[in-house]
Amino acid sequence: MITCIDHIVILVRDLPAAMDDYTTLGFTVTPGGIHAGGATHNALVTFADGSYLELIAFRHEAPDHIWWRYTAEGEGLIDFALLPDAIDKDVAAARARGLAIADPFAGGRERLDGVRIAWKTARPATPDLPFLCGDITPRGLRVPTGAACHHANGVTGIARVLVATRDPAASAARYRALLGIEGVTVAEGVSFPLGSSAILLIAANEHHRREGPCALELCGGAPGDLDPARTHGAPIRIGISAPQ
């Protein structure tokens, strides 16, 4: 079973600069480490609801990397992941419901303290869908808890991820196959509740660079839009109530 939103991926050019900017915005930022293969490194903003933001930057050119193509667009939201109970079973179940999704494959990184972390990911065939990220090593090694989850700006978690899609009806069908649940029609589009958060599918327009995650709403804090220069191109609004 897919239980919740795991994390949001935000591409940045300069990781130390992005860490400083998110700290200035009132977030507690935890250094991550270098991913397997060495092409990317990251830092995390973890929340009390168990989800997190991943600030990721390339350390060198990597044309074969799944996210390298986004570097031509600049910084911002590029992807997001869901947390499965058992990734192999969840992939099989999604396939049985008609979804095209690749087999899980191994991934990992080494933290700055030398601890090696391992996981498996699985990617659907279309960019409107998130990928699955299932832990091999304990999740607590990958996702910092405790003081790392407390933020000066009062943010406690993810309320909604907005996903731009060219064909909301077709995307909704793919999400039903991935999640095994029905979406709810709301004023803005189709909403899929997931844990304490939701995924909102909206119609893509000229303001969206592509299909996929296009904005993020976070629970807690004083209501308002964060400065996109500080968020490195990610449209983020805070002070949102969690979906009911």
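Histidine 232 lies in the loop between strand S14 (224-225) and strand S15 (236-240), where strands (E, at least two residues) and helices (H or I, at least four) are DSSP runs numbered from the N terminus. The model is a predicted one, in which local features need pLDDT of at least 70 and side-chain atom pairs count only at pLDDT 80 or more, while totals for chains, interfaces and linings use all residues. Residues are numbered from 1 along each chain as its sequence is written, and side-chain values use heavy atoms, with hydrogens and water left out.

Phi of histidine 232 is near 60°, a positive value in a residue other than glycine. Most residues other than glycine have a negative phi. Because its relative accessibility is 8%, histidine 232 counts as buried; buried means under 20% relative accessible area, exposed over 50%, and partly exposed in between, with a 1.4 Å probe and protein chains only.

Another buried residue is proline 213, which has 7% relative accessibility and is found in strand S13 (residues 212-220). Leaving aside neighbours within four places in sequence, proline 213 is in contact, that is, has heavy atoms within 4.5 Å, with Leu77, Ile78, Asp79, Phe80, Val161, Leu162 and Val163. The C-alpha atoms of proline 213 and aspartate 113, 100 residues apart along the chain, are separated by 32 Å.

We turn now to the nonpolar cores, each a set of buried Ala, Val, Leu, Ile, Met, Phe, Trp, Tyr and Cys residues joined through side-chain atoms within 4.5 Å. The largest core has 49 residues, of which Ile8, Ile10, Phe27 and Leu82 touch the most other members, and the largest share of this core, 5 residues, comes from H4. A second, separate core of 14 residues includes Leu11, Ala39, Ala62 and Cys133. Again leaving aside neighbours within four places in sequence, phenylalanine 27 is in contact with Tyr22, Val45, Phe47, His151, Asn153, Val155, Leu218 and Leu226.

In helix H2 (residues 87-96) the buried residues are Ile87, Asp90, Val91 and Ala94. Because these residues cover an arc of only 100° around the axis, they are on the same side of H2, the arc being that of the directions from the helix axis to the C-beta atoms. They pack against strands S1 (2-11), S5 (76-84), S7 (116-122) and S8 (131-135) and against helix H4 (168-179), whereas the face turned away from the buried side carries the exposed residues Lys89 and Ala96. Just after H2, glycine 98 takes a positive phi of about 100°.

Strand S6 (residues 105-111) pairs in the antiparallel sense with strand S2 (residues 30-35) over 3 bridges, two strands being paired if DSSP finds at least two bridges between them. Here arginine 111 in S6 is the bridge partner of glycine 33. S6 also runs antiparallel to S7, to which 6 bridges join it, and glutamate 110 stands opposite arginine 116 in S7. These two strands, S6 and S7, form a hairpin with 4 residues between them, and glycine 114 in the turn has a positive phi of about 90°.

The lining of the largest pocket has 24 residues, of which His35, His65, Trp67, Trp119 and Thr121 lie nearest the centre of the pocket. The elements that give two or more residues to this lining are strand S3 (40-46), strand S4 (52-58), S6, S7 and S8, and the largest share, 5 residues, comes from S6.

Technical notes: 1 Å grid on protein atoms, 1.4 Å probe; cavity = no way out; pocket = protein on both sides within 12 Å on 5 of 7 lines; lining within 4 Å.
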